[in-house]
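Here is a short report on a protein chain and its ligand. Please look over the sequence and the model before reading on.

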Amino acid sequence: MGYRIKTVSELTGIPKNTLIAWERRYGLIEPDRHGNRYRSYSDKDVALLKRIKRLIEEGYKISEAVELLRHPERQPEVARVANTNSADFDSLERARAELLPVLLDFDAQRAEVLLQRYGTLPYARLIEELYYPMLRSVGEGWAEGRVSIAQEHFVTSFCRERFLAMLMQIGGARGSGPHAVCTTYPGDLHELGILGVSVLLALSGWRITYLGPNLPATELHKTGRTLRPDWVCTSLVMPVASSDLEAYIQMVRDLLPKRTWLAIGGAGTKGYAGPVPARVLVSEHWRELMQEPV
Ligand code: B12
């Protein structure tokens, strides 16, 4: 003789409605039905439900807990993310502390599992509080000889893929807001700053045409004439001589259609004290783009 649902609920601490919902949704436990009347649970069912309950308390989502019980061989991967309930990520510091070592181990598979847990967080938070700080710390590690070039490349391409996926998922190419064409300063290969900025603008409804890094100024001219965007956004990370930056700003400004704004930002623009013509914004802060009338 099995247990009735009321008893199972008391034994496991799982409400009756939840037991029924899980049965319908996941079918992991299908209790006997006596003459199709009431449910009858075995000891094995109760033990399984207690395990699910425990996994949820450890921080798994119900779908993950069910998956784990169906495929126990995946335990090592999923176990890495136990005790990291996404609701706890008020600060993404812990997420960073978890994700970075996994990436430095070149373990894309485990990184994916971790990301599923953070996946419920808004993209803006992931970019500004997880990916950017992680990239900065990789840069420090590289400069201090703790992070190899291969590790830096791996983390960078992982982040790049996420940013591009976000951009596509938001529909960055179809935004109905201002149109921005984004790239980096000629010779500057650092594209993650501007790629993140592109996602952040797309989240505000901007339409983004992302051209990748290292675009010659003359190409910007052609693209500007063809697309007639509201903004051309260039990122400069490596420091250049102030006179070079001034010449670039002047040339691009002259080449672009009059109505198009030029924004240039990134660590390499810090301290620029040269002239800033009309319809040019030199700033590290992407939100400032939204304050200019287009
Ligand atoms: C990944 C990386 C690379 C990759 C880039 C690959 C790619 N696809 O992007 C590669 C391997 C190519 C690379 C190469 C080099 N790198 Co590198 N790199 C980095 C690293 C680790 C991350 C860069 C990044 O993506 N940052 C992303 C975000 C976090 O930063 P951000 O660019 O500042 O963006 C923010 C703002 O500035 C702003 N912003 C950025 N752009 C724009 C644009 C607009 C319009 C606006 C409004 C705002 C805005 O928004 C962002 C968010 O706030 C940094 C470390 C670091 N601190 O950034 C080093 C770093 C930038 N590199 C460095 C160096 C030295 C190099 C090399 C010279 C190394 C070498 N000897 O070959 C080369 C130079 C290559 C070149 N010609 O550009 C140094 C630069 C030091 C310096 N200031 O002189 C750094 C700081 C590492 C370090 N700690 O020493 N690098």
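## What covers α10

The cover over the buried residues of α10 includes α8, α9, β3 (179–184), β4 (207–210) and β5. Contact here means that the C-beta atoms of two residues, placed from the backbone, lie within 7 Å. Helices (H or I, at least four residues) and strands (E, at least two) are DSSP runs, numbered from the N terminus.

This is a predicted model: local features need pLDDT of at least 70, side-chain atom pairs count only at pLDDT 80 or more, and totals for chains, interfaces and linings use all residues. Residues are numbered from 1 along each chain as its sequence is written.

## The helix itself

Ten of the twelve residues of α10 are buried, so the helix is largely enclosed by the rest of the structure. A residue is buried if 20 or more other C-beta atoms lie within 10 Å of its own, exposed if 12 or fewer, and partly exposed in between, with C-beta atoms placed from the backbone. The buried residues include L192, G193, I194 and L195.

From its first C-alpha to its last, α10 reaches 16 Å, close to the 16 Å expected at 1.5 Å a residue. That expected span is 1.5 Å times one less than the number of residues. G205 follows α10 and has a positive phi, near 95 degrees.

## Around the ligand

The ligand has 34 residues around it, and G139, L192, G193, S235 and G265 come nearest. The elements giving two or more residues to this shell are α8 (123–143), α9 (149–170), α10 (192–203), β5 (231–235) and β6 (261–265). A residue counts as near if its C-beta atom, placed from the backbone, lies within 6 Å of the molecule. α8 gives the most, with eight residues.

The shell divides into 17 nonpolar, ten polar and seven charged residues. Ala, Val, Leu, Ile, Met, Phe, Trp, Tyr, Cys and Pro count as nonpolar, Asp, Glu, Lys and Arg as charged, and the others, Gly among them, as polar.

## Domains

The domain assignment gives domain 1 (5–75), domain 2 (86–166) and domain 3 (171–291). Such bounds come from an automatic or database assignment. The ligand shell draws at least three residues from each of domain 2 and domain 3.

Eleven residues of domain 2 are in contact with six residues of domain 3. On the domain 2 side, α8 and α9 give two or more residues. α8 gives the most to that side, with six. By class, the domain 2 side has nine nonpolar, one polar and one charged residues.
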